[in-house]
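User: I am new to this structure and would like a close look at a single part of it. Please take the sheet, and follow the salt bridges and contacts that involve its strands.

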Amino acid sequence: MKILVVDDMPLMRHVLINMLRKLEYSNIVEATDGLQALALLRHQHFDLVITDLHLPKMDGVDLLTNIRQDKALTDIPVLMVTCEDSTDKVKQVIAAKVSGFIIKPFNMNVLSSQLNRFFFRD
């Protein structure tokens, strides 16, 4: 299983990657913004994208929209990580067909339960 983690904050990427590794996910690639993530997605296969909503160059909604509009990428689950509490922004992300949400701050149990929605593990 290959996971793309997208966040412009190094500390947040580090925390999320450490949680994923503790959950025994080891094939993890990092991106610092939406444009970098989209370039990676177009050149490598990923099973899941975990992205922050607020990113430089291309935000999480635009990244999600690009993924959903690309026939080669459209079926990749996208998990949005955010501290956003704006109803309008949340509706916009849902309309863009996000696969799931994680609200910051979160713990490993929250992450694990979201991942289990996409991947059944023995």
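Analyst: The answer below starts with the sheet as a whole and then goes through its strands and the charged pairs.

The model is predicted. Its open sheet has 5 strands in the order β2-β1-β3-β4-β5, and the pairing is parallel. At the edges lie β2 and β5, each of which pairs on one side only. Between neighbouring strands of this sheet the average turn is 20°, with direction ignored.

Strand β1, residues 2–6, runs parallel to β2, and 5 bridges join the two. In general, strands of a sheet pair through backbone hydrogen bonds, in a parallel or an antiparallel way.

Glu30 also takes part in a salt bridge, and its partner is Arg13, with the closest N and O atoms 2.8 Å apart. Glu30 belongs to strand β2 (residues 27–31) and Arg13 to helix α1 (residues 10–22), so this pair ties together parts that are 17 residues apart in sequence. The two ends of the pair can be compared by accessibility. Glu30 is partly exposed, at a relative accessible area of 43%. Arg13 counts as buried, because its relative accessibility is 10% and the limit for buried is under 20%.

Past the end of β2 comes another charged pair. Asp33 and Lys57 meet through their side chains in a salt bridge, at 3.7 Å from N to O. Asp33 is in the loop between β2 and α2 (34–43), while Lys57 is in the loop between β3 (48–52) and α3 (60–69), so the pair ties together parts 24 residues apart in sequence. Here Asp33 is buried, with a relative accessible area of 6%, and Lys57 is exposed, with 68%.

Lys104 pairs with Asp52, and their closest N and O atoms are 3.3 Å apart. Asp52 lies in strand β3 and Lys104 in the loop between β5 (100–103) and α5 (108–118), so parts that are 52 residues apart in sequence are tied together by this pair. Asp52 is buried, at 5% relative accessible area, and Lys104 is partly exposed, at 24%. The structure holds 4 salt bridges, including the pairs described here.

Thr51 is also in strand β3. Is Thr51 buried or exposed? Thr51 is buried, with a relative accessible area of 1%. Leaving aside residues up to four places away in sequence, Thr51 touches Val6, Gly60, Leu63, Val78, Leu79, Met80 and Val81.

Rings are a separate matter. The charged end of Lys2 sits over the ring of Phe46, at 5.0 Å from the centre of that ring. As for pairs of aromatic rings, the count comes to 0.

To return to the sheet, its order runs β2-β1-β3-β4-β5, and β2 and β5 are its edge strands. On average, neighbouring strands are turned by 20° against each other, direction ignored. Helix α5 packs on this sheet, touching β3, β4 (78–82) and β5, and its direction makes about 175° with that of β5.

Definitions and conventions
Residues are numbered from 1 along each chain as its sequence is written. This is a predicted model: local features need pLDDT of at least 70, side-chain atom pairs count only at pLDDT 80 or more; totals for chains, interfaces and linings use all residues. Side-chain values use heavy atoms; hydrogens and water are left out. Helices (H or I, at least four residues) and strands (E, at least two) are DSSP runs, numbered from the N terminus. Buried means under 20% relative accessible area, exposed over 50%, partly exposed in between (1.4 Å probe, protein chains only). Rings of Phe, Tyr and Trp (its six-membered ring) pair if their centres lie within 6.5 Å; planes under 30 degrees apart count as stacked, over 60 as edge-to-face and the rest as tilted. A charge sits over a ring if NZ of Lys or CZ of Arg is within 6 Å of the ring centre and within 35 degrees of the ring normal. Two strands pair if DSSP finds at least two bridges between them. Axes are lines fitted to C-alpha atoms, for helices over the stretch in contact, and angles run from 0 to 180 degrees between N-to-C directions. Contact means heavy atoms within 4.5 Å.
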